[in-house]
Amino acid sequence: MKPRTKRIAIVAGGLAALAVAAGLVLTAFQQNLVFFFTPSQVAAKEVPQGKTFRIGGMVEKGSVARQADGLTVRFMVTDTAKSIPVVYHGALPDLFREGKGVVAQGRVGTDGVFMASEVLAKHDENYMPPEAADAVKRAQETNRKATQTVVGGERR
Amino acid sequence: MIPELGQFALVLALCLALVQCVLPIAGAARGNAAWMAVARPAAQGQFVFVAIAFGCLAWSFANNDFSVLNVATNSNSFLPLHYRIAATWGSHEGSMLLWVLVLTIWTVAVTVFSRHLPADVVARVLGVMGFVSVGFLAFMLFTSNPFDRLLPPAPDGHDLNPLLQDPGMVFHPPLLYMGYVGFSVAFAFAIAALLAGRLDATWARWSRPWTTVAWVFLTLGITLGSFWAYYELGWGGWWFWDPVEKASFMPWLVGTALIHSLAVTEKRGGFKAWTVLLAILAFSLSLLGTFLVRSGVLTSVHAFATDPRRGIFILAFLAVVIGGALALFAWRAQRVGTGGRFELVSRESLLLTNNVLLLAAAGSVMLGTLYPLALDALGLGKLSVGPPYFEAVFVPLLAPALFLMGVGPIARWKRAEIPELAARLRWALGVSIVAAIVVPLVMGRFSALTALGIGLAAWIIASAAITLADRVKHAGGAGIANRLRGTPRAFYGMLLAHAGIAVFVIGVTLVKTYEAEKDVRMAPGDTMELGGYVFRFDGVKDVKGPNYIAVRAAIPVMREGRTIVMLYPERRVYRVQESPMTEAAIDYGMFRHLYVALSEAVGPDAWIVRVHYKPFVGWIWGGCLLMALGGLLAATDRRYRATAREPQPSPYAAATSR
């Protein structure tokens, strides 16, 4: 093979590989984007039906209840304006507590209950998941009468 | 008094760093030997002052000086001494100080082990490292001073995050930073080559051991972090595609590409411009990773808003270092040259393909990390990229890379023949096909991905064995023992690191396919079965630690009616922060781990217990250790020492003895 053809072959091969890789990456990327919605948006039915997404907010005080099997847990996630019921099956993360920020990933059932496949834990007691903080902030901007207390723990 | 001393030492270090940056580079440009000679003493002085500053901060932590803000927020008088000292680097400010300390350690190592290098090279390398140091010291002094006072002093500290109160966390950051910052040496060599417009095989030989050692540290740091997440977070996972993990994984991928590209530059004088570009990229990603993690951008974009100075400083510094380096590259790369020619089928082209695949992998990680950030910063909504994305991308990208790992080491430089390669590797192919079919069947369930993983791992190991046999056959010397001894250490290092990848792949494949987990509600006397083991819950009892209280469950594990081990998972509540923590109990076995975590109380004496059966999970970290060991062997090869006029200890000794 002449050096010139060889170089062209290498460049073409490289470009083809890159194109394949880019295609792969972008397809996988598109399929795995998980969007975030606030409880208000869920209540307003702005969420895609049957698709996985995330909600965030505070765990409503007094809303956590375990079912008889001891493993299924129900609680309300609120952004101070609207609350959404959430069902999760399994052990909750260490830092899950009433009145604290939470982010859950899952999908909404036809009954309007959010079936969580994952409840996210954070590593620090004062740390508020940014999505949760954001949800509360947005709700408060649209609904000024909400109290100030919830945003307190936003920053470490 | 002591904290002020530390602060003053930092200011002096900054002054010396400025001198170390400006004078030697100017001297190298103008051929002024006296200016160039300033580099070494300035670098060593800077190290001394940064070490003093670090010592002062550690002293404040050790002596519970809660008038220092950093100590008050990250320590507590009940915290055991070793964690108080580790808390020195447990905060943003402290970890920045550790970063600079590590940078000066590497700089001093360069001053010590560069005696055989030309003066202008040393001057430029140290100058570039001085520049990086200036940026970090200024960042600390102006935006995140670790010695800020708190008036009036706090009566007691707010305690270290309980998750960090663990031996793994004591060593993880220093190891990781040794890796991150170690790439600054390769970066400095690359910039020096661009500045001088001269790059040859000798250059590659100088920068190669440094790069390898940095890569070894990074590998160890990531491994330790992964292992820590596994046993400490209580979820039984070993890799979460967490933004922080991704930030350390990107430089690792590019660093791995750099190691391979440097091999071509040293042996064949090829890939010159490419190697320089990779060296720039590896360090740029290290910087990006440090800042993403440490500026709070990743966990919360609002950190920019709460302390705009920090964010802007970071962005500006990143722009100067990365942008400047790339601009210099664009301007001077042609002078460096691209290097020798090679055929389409040759070891060079195989290594190039491997490089492209690694870079594509790094790029896809970067996309998944930065895209959500960018979208959020632009106010276009919040989203996250799930782990399935990375898994979907990594398998097709890295499977060919794993296949080529078997072929590369046995292929000839410059020109290889496919039929010849096929003939030499046919046994490896046979072995891997058999393994791909047999292992999943023996394990109980067949799946295509499992077969692929096992097949590729067997392929790498078998072809490594063939490569070794081949090498020994053609080596000079009488007798196998002599020939084995005559084979360079770097060659063994390469094979060992590749075998490490294979072990790692086996671990990942088997644990992904055959792991099992159950969340069960258990009252005393209840039993459950998982993976052929029976777990009995014998109730809980209260225990007390130095700064926490805990409940501890007793869970005997039985197999075929006999108790094989007692597991004691705990649930701790730390006194100051009052955060509950799961302390999992693990029975470590060569071929499986049994992992039990106590979750929460449900009812008077019933608890939710999470049980994992994890086959071969230990092989994941074992493989990583083999990789690191391989890197170590390669970095201590005789030829790097032989370049010195007088016998010198290996660069590795320099990096660890401090």
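## A bent helix in chain B

Helix α14(B) bends by about 30° at Leu370(B), and within four residues a proline, Pro372(B), follows. The bend at a residue is the angle between axes fitted to the seven residues ending there and the seven starting there. Helices (H or I, at least four residues) and strands (E, at least two) are DSSP runs, numbered from the N terminus.

This is a predicted model, in which local features need pLDDT of at least 70, side-chain atom pairs count only at pLDDT 80 or more, and totals for chains, interfaces and linings use all residues. Residues are numbered from 1 along each chain as its sequence is written, while chains are lettered from A and ligands numbered from 1 in the order in which they are written.

α14 of chain B covers residues 347-377, 31 residues in number, and spans 44 Å from its first C-alpha to its last, close to the 45 Å expected at 1.5 Å a residue. The expected span is 1.5 Å times one less than the number of residues in the helix. Just after α14(B), Gly379(B) adopts a positive phi of about 75°.

## Chain A

Chain A contains 3 helices and 7 strands. Along its sequence they follow the pattern α-β-α-β-β-β-β-β-β-α. Of its 156 residues, 35% count as buried. A residue is buried if 20 or more other C-beta atoms, placed from the backbone, lie within 10 Å of its own, exposed if 12 or fewer do, and partly exposed in between.

## Where the chains meet

In the interface, 35 residues of chain A are in contact with 42 residues of chain B; contact requires C-beta atoms, placed from the backbone, within 7 Å. On the side of chain A that touches chain B, α1 (3-31), β1 (33-37) and α3 (130-142) each supply at least two residues. The largest share, 12 residues, comes from α1(A).

Strand pairing also links the chains: 3 bridges join β1(A) to the antiparallel strand β1 of chain B, residues 383-385. Within this pairing, Phe35(A) stands opposite Leu383(B) in β1(B). Two strands pair if DSSP finds at least two bridges between them.

## A first sheet in chain B

Four strands of chain B form an open antiparallel sheet in the order β5-β6-β9-β10. β5 (540-544) and β10 (580-583) stand at the edges with a single partner strand each, so one side of each is left without a neighbour in the sheet. Neighbouring strands are turned by 25° against each other on average, direction ignored.

Between β5(B) and β6(B), residues 548-553, there are 5 bridges, and Lys544(B) has Ile549(B) as its bridge partner. A further 4 bridges join β9(B), residues 570-574, to β10(B); here Arg572(B) is partnered by Met581(B). β9(B) and β10(B) form a hairpin with 5 residues between them, and Glu578(B) in the turn has a positive phi of about 55°. In a regular strand, side chains alternate between the two faces of the sheet. From β10(B), Pro580(B) and Thr582(B) point one way and Met581(B) and Glu583(B) the other way, and all are buried.

## A second sheet in chain B

Another open sheet of 4 strands in chain B has the order β2-β13-β12-β11, with antiparallel pairing. Its edge strands, β2 (516-522) and β11 (585-588), each pair on one side only. The twist averages 15° from one strand to the next.

Inside this sheet, 8 bridges join β12(B), residues 592-601, to β13(B), residues 607-615. Among the paired residues, Arg592(B) has Pro615(B) as its bridge partner in β13(B).

Terms used
Two residues are in contact if their C-beta atoms, placed from the backbone, lie within 7 Å. Axes are lines fitted to C-alpha atoms, for helices over the stretch in contact, and angles run from 0 to 180 degrees between N-to-C directions.
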